[in-house]
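Welcome! Open your viewer, show the cartoon, and let us take a short walk from the whole chain to a single side chain.

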Amino acid sequence: MTNITEKISGSFRDPSGFLFRQNGILYRQINKSYKEHYDFLMESGLYKELTDKHLLIPHKEASEIQAVTDDCYKIIQPEEIRFISYPYGWCFSELKDAALTTLEIQKIALEHNMILKDASAYNIQFHQGKPILIDTLSFEKYEEGKPWIAYRQFCQHFLAPLSLMRYKDIRLNQLLKIYLDGIPLDLASKLLPKRTHLKFSLLTHIHLHAKTQDHYANKAVDLNKKRISKFQLLALTDNIHSFIKNLHLPQIKTEWGEYTDNTNYTDEAHEDKKKIIEKFISETNPKSVWDLGANTGIFSNISAQKGIFTVSFDIDPIAVEKNYLRCKETGEKNILPLISDLTNPAPSIGWENKERLSISERGPVDLIMALALIHHLAISNNTPLEKIAECFSKLSKNLIIEWVPKEDSNAQRLLRTREDIFKNYNQETFEKSFSKFFKIKERCEIKESKRVLYLMRNNGI
Amino acid sequence: MKIIKNVGIILVLLIVLSPTAFAYLDAGTGSIIIQALIAGIVGSLFAIKLFWNKIKNLFSKIFKKK
């Protein structure tokens, strides 16, 4: 059998090693230059403590796998993450928990005489409902007196977006889509309200930090004289940790965050909808599900409770926040709530547009659920039904989709302020359009409602 | 005294450093300098915090025994 080895495009900056796939399995090559640090990580007890606490992804050494390059020290096989998500897809609390996890790891690493050499938000992923560090090569041996090299990166990747989301606007984590290495601190400082100068942590870690960066931009300074003791580093970590832990979103209402309370379904219609979805899921038996327009994740629960990993996408950051906090409270490990605008999904970004993958590159999936979504795409976004069908057919093998007729009060609400130019928005055209890409396997009318649920099978994938 | 000195430096920095023209950024230098300064201040506060926590623990142990 020939081995097909493919390097992972987002893993090239760190000379300590890189990720690759061989015959579909993910491996990490550790280079000889990192030998001393890797051995120390494994022997110092740090790896054991971090993996016991579910803070670092566990791995096994794969001695049977051949080196990809000459400078290979070891090949390891890390536990695989079900779905790679990025900080611009996270809600406030997901980013906050990822930040706290990074700081917790930094604290434990220092106690074992190691330190995080990078603090990238992209090194954190959600695994079984919790944030976890996926980069085993993020540690180096701590040298007494040396500062934290990743401090700037931590501020740009975590502190800047979190404080902007808290003190300016919850949507500002979307800046991370533009700035791959985190939000520049001078920009964060300009955008943050003046009153944030009165908060010690923001005054120092953001505002003064930005000014100091600017002041020393072209000056030669002997940095060897800048010594920071381990105790001071622990204090710095504790200071940022306390600040972030106490960051809470103010009470804000958005259209969708309140959706579940304001829906126009009767209780019976709601229960019937759930039953039909449950039946469709059982018939499809998917390994993973994407719930598009999931809102606070009520219907994602159905697949999650069957033990199926479900990515629960919604455009509204408050709805995603509610979904995440509920999953956290109930210990739901099978749902990953993420922010995504289906009309403008996350593109592939970074070097050669290959470092961070687009949503579609992270598919396809076994089953998509598009519940109470079609009228938003067709009416609010003027997308022809056939284009919606084509888009879904590229993402999934199976589709559960809810038809919302024009007479429905929610569809009417969307038409209230605009001319009805949607002559083709009817059930007949809907079925005809989707039949070009899918085979309609079942259709069920929802009791006490004009809506219809469909189960479809992709003709192509 | 050290903490007062460091807070003083921060205040002076706040007044002296005014936004200048865009320049090529060597983000590392400024970040390390401010980090050392903040670490100096929070280091002192951290020592007080740890000491205070010890006292609190001691009291809670005494009260628990009663």
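The radius of gyration used here is taken over C-alpha atoms, and the globule rule is 2.2 Å times the number of residues to the power 0.38. For the 461 residues of chain A that rule gives a value near 23 Å, and the chain has 24 Å, so it agrees with a compact globule. This is a predicted model, in which local features need pLDDT of at least 70, side-chain atom pairs count only at pLDDT 80 or more, and totals for chains, interfaces and linings use all residues. Residues are numbered from 1 along each chain as its sequence is written, chains are lettered from A and ligands numbered from 1 in the order in which they are written, and side-chain values use heavy atoms, without hydrogens and water.

**Stop 1: select chain A.** Its C-alpha trace spans about 75 × 65 × 40 Å along the principal axes. Colour by secondary structure to find 15 helices and 16 strands (DSSP runs numbered from the N terminus: helices are H or I with at least four residues, strands E with at least two).

**Stop 2: select residues 114-116.** This is strand 6 of chain A, and Ile115(A) lies in it. Is Ile115(A) buried or exposed? Ile115(A) counts as buried because its relative accessibility is 5%, and buried means under 20% relative accessible area, exposed over 50%, partly exposed in between (1.4 Å probe, protein chains only). Across chain A, buried residues make up 56% of the 461.

Stop 3: Phe139(A) is 24 residues from Ile115(A) in sequence, yet their C-alpha atoms are 5.5 Å apart.

**Stop 4: show the neighbours.** Beyond four places in sequence, Ile115(A) is in contact (heavy atoms within 4.5 Å) with residues including Trp148(A), Tyr142(A) and Leu233(A).
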